[in-house]
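Here is a short walk through a structure. Keep the chains in view as you read.

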Amino acid sequence: MKLLLVEDDRELRRTLADAMAVEGYEVLTAASLSEGMALARHADVDLVVLDLGLPDGDGEALLDALRHRQGTPVLVISARQAEGQKIRLLDAGADDYLVKPFSVGELLARLRVALRHRGTSVHAAVTRYAQGGLEVDLEAHRVALHGEPVHLTPTEFRLLARLVRSAGRVVTHRQLLADVWGPEFTEHTHYLRLYMGQLRAKLEADPTEPQRLLTEPGVGYRLVDTD
Amino acid sequence: MKINPRRGALALLAWASAWTAMLAVDGHVDLANLAMLLVLGSTVAALWLPAPVSMAAAAVQVLAFNWVFVPPRGTFSIDLRQHALLLGALLAVNLLVAALMGRLRVQADRARHHARLADQLRTFGEALRDTGDPLARAPMLREALSDLAQAPVTLLLLRAGVPATDDADAALCLGEADADTLAGLWLALRQSTALGPGTGRHDELGAWILPMRTRQGSLGAACVPVDRDRPDDALRAHAQALCDQMGQALQRALAARQEREAREQAQAQGVRNALLAAISHDHRTPLATILGAASSLHDQGERLAPEQRRRLAATIVDEAGQLARLTDNTLQLARLDAPGVQLQLDWESAEEIVGSALRRARLRDPQRRVRARLEPGLPLLRCDALLLSQLLDNLIDNALKYSPAEAPVEILVRQQGAAVVIAVRDRGPGVPPAQRERVFEVFQRGSDAGQRRGAGVGLAVCRAIARAHGGELRLRPRGHGGSSFECVLPTVEPPPAPGEEPGP
């Protein structure tokens, strides 16, 4: 596996590169947007870890370039100030994000999820999910919890299906609303609150402390996918 | 000399009536009585005419009287000595009356004019007093001055203090101004002196350029066109008075603005100082721990037992997390303190926000002391999810930190009228009454919390977040010991729920 790390801070770059190398990844590093662009174009990388604030431009440009040419997953790492930008990047196709400061453990977990989903836009999409007693078979339209079938309304099912297809990754409010209700509903966040509440009531042991359907405040939702 | 047509007509009517009466009674009364009618007619006519006109008219009428009535009739000659006396007296009385009436009228006109000017000054003064922004009254001043000068006036008014250069952006210019006029306006403004005819400075100008004076210097100037050969000093004094009123109003507004700015700056300075104090204290402690642990690993790594190394590394991770939260709080407080802060408002579910806070809290709460209880059927909240999450994180952190290691921490969410109350309750030592407001101030902690750390800005941020949402954060003591931090958030009418479930 070949990873490209684009990060301008020297210390953080070295720390993260070392940590990824220890896990057996081959790591290319870039300290600027132009360097990152060149490496992404010529080296055949499997995943890009992208910092947003780069000395010669915005990481967003690299994301655009990657989205237009190939399906390489992109993991965004950003400072908290770039909240709005983060959501925009997720909507624009970034696979996940981490807010600085983050732990190496978190980064590696997100890396594994993103790599697992690599190429799903090209190849057959995820159609099955089984985790912690919850089993979802999208093709058979079947949901079971600890072996017991669970009845979901059509909207609940579509919402769950959308999360299953991106299991482990955060899906923004906007993406969920557009894919489940339609592009004209992207501002109707309150629909999501209602249906997520219903889904949790059916699928979580304690809906006040969800273990499967996680909230990313201000951003979206994530279906847990531990490995 | 202009004669008002209506007044002229009235005067003519008075003369015509007098002459009709004289011709009608001619032959029945003697000459002296006829002369009385003429005096009466002229006196009445003088009420409406300027003095020179009525005096000339009186002379003509005395001649005509001589021609028509004084024997020998049809000639200007006078045959009797007493008739000459009569005519002489008649002429003198007519002229005198005309002159007196004229002077009276001039005085009345002047009084009216003065009253009008005084009225103008007063009205303008009141208009200036009623406004916080004197510039908004500049068109009124321009109208008043244009009215006085009977020509369009140009004004130049400074928006703030006197700029270093004649910067067009620093001033509001009302009316047409060519480069020369502008230069003149700036000159009068900077030197605080009037220019133009009768001022002794630049008498050759076709206009007065009057500064809008304040106690020190000027804050504007007006260019008032004037007849170069006959400058009216009284008019200039009046125009200057109007300009000075504006100058003083500009000065007052400027002083008020400067005072406000100074106050805001002092306030910002105060917050900054408090933040700096918080940073220098609260941030140093975890930094010291991190530096100690890291340098120990670095310098003694080989000689440490694996268990010791692991513990040092864990300390670094914990303290760095603490430092990150502190930094978030400090930055958030600074952000919320700035004017015009923008919240990312959306419809949020209290259950979700509490749920995600609980999940984060578990990392610092391995014994699962934190429990959440939410009333069913809570309305959606209109809030900034990230801010509210930060508020909950801080309150939970605080409760965990300031209560005994095994005591439970409860999150309780309930509806209360048109508000949702999110309470975080602990069984700690509680906060003494005198401290209950002070804990929300930047860099305050419970008095006996000497060796515990970290809430320096935490509660201040929480309160700032609650208030930014139009809500409040309060501290209530609990019945059997401990504190309840209660965030009250007003609820908003929720949007309509989704309609019928669409088909599969």
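Helix axes here are lines fitted to C-alpha atoms over the stretch in contact, and angles between them run from 0 to 180 degrees in N-to-C directions. The model is a predicted one.

Start in chain B, with helix α2 (residues 31-46) and helix α4 (residues 81-129). Their axes come within 9 Å and cross at roughly 15°. Angles under 35 degrees count as roughly parallel, so α2(B) and α4(B) are roughly parallel to each other. Their crossing is right-handed.

Which residues make this contact? From α2(B) come B:Leu31, B:Ala32, B:Ala35, B:Leu38, B:Val39, B:Ser42, B:Thr43 and B:Ala46. From α4(B) come B:His83, B:Leu86, B:Leu90, B:Val93, B:Asn94, B:Val97, B:Ala98, B:Met101 and B:Gly102. Twelve residues of the contact between α2(B) and α4(B) are nonpolar and five are polar; none is charged.

Now turn to where the chains meet. Chain B puts 31 residues into the contact, and chain A puts in 22. On the chain B side, the elements giving two or more residues are α8 (306-337), β5 (346-348), α9 (350-362), β6 (370-374) and α10 (385-401). Of these, α9(B) gives the most, with eight residues. By class, the side of chain B that touches chain A has 18 nonpolar, six polar and seven charged residues.

Finally, look at α10(B). How many of its 17 residues are buried? The count is 16, so α10(B) is largely enclosed by the rest of the structure. Its length also checks out: at 1.5 Å a residue, α10(B) should span 24 Å, and its end C-alpha atoms are 24 Å apart, which agrees.

Key: Residues are numbered from 1 along each chain as its sequence is written. Chains are lettered from A and ligands numbered from 1 in the order in which they are written. This is a predicted model: local features need pLDDT of at least 70, side-chain atom pairs count only at pLDDT 80 or more; totals for chains, interfaces and linings use all residues. Helices (H or I, at least four residues) and strands (E, at least two) are DSSP runs, numbered from the N terminus. Angles under 35 degrees count as roughly parallel, over 145 as roughly antiparallel, 65 to 115 as roughly perpendicular and the rest as oblique. A crossing is left-handed if the near helix is turned anticlockwise from the far one by less than a right angle, and right-handed if clockwise. Two residues are in contact if their C-beta atoms, placed from the backbone, lie within 7 Å. Ala, Val, Leu, Ile, Met, Phe, Trp, Tyr, Cys and Pro count as nonpolar, Asp, Glu, Lys and Arg as charged, and the others, Gly among them, as polar. The expected span of a helix is 1.5 Å times one less than its number of residues. A residue is buried if 20 or more other C-beta atoms lie within 10 Å of its own, exposed if 12 or fewer, and partly exposed in between; C-beta atoms are placed from the backbone.
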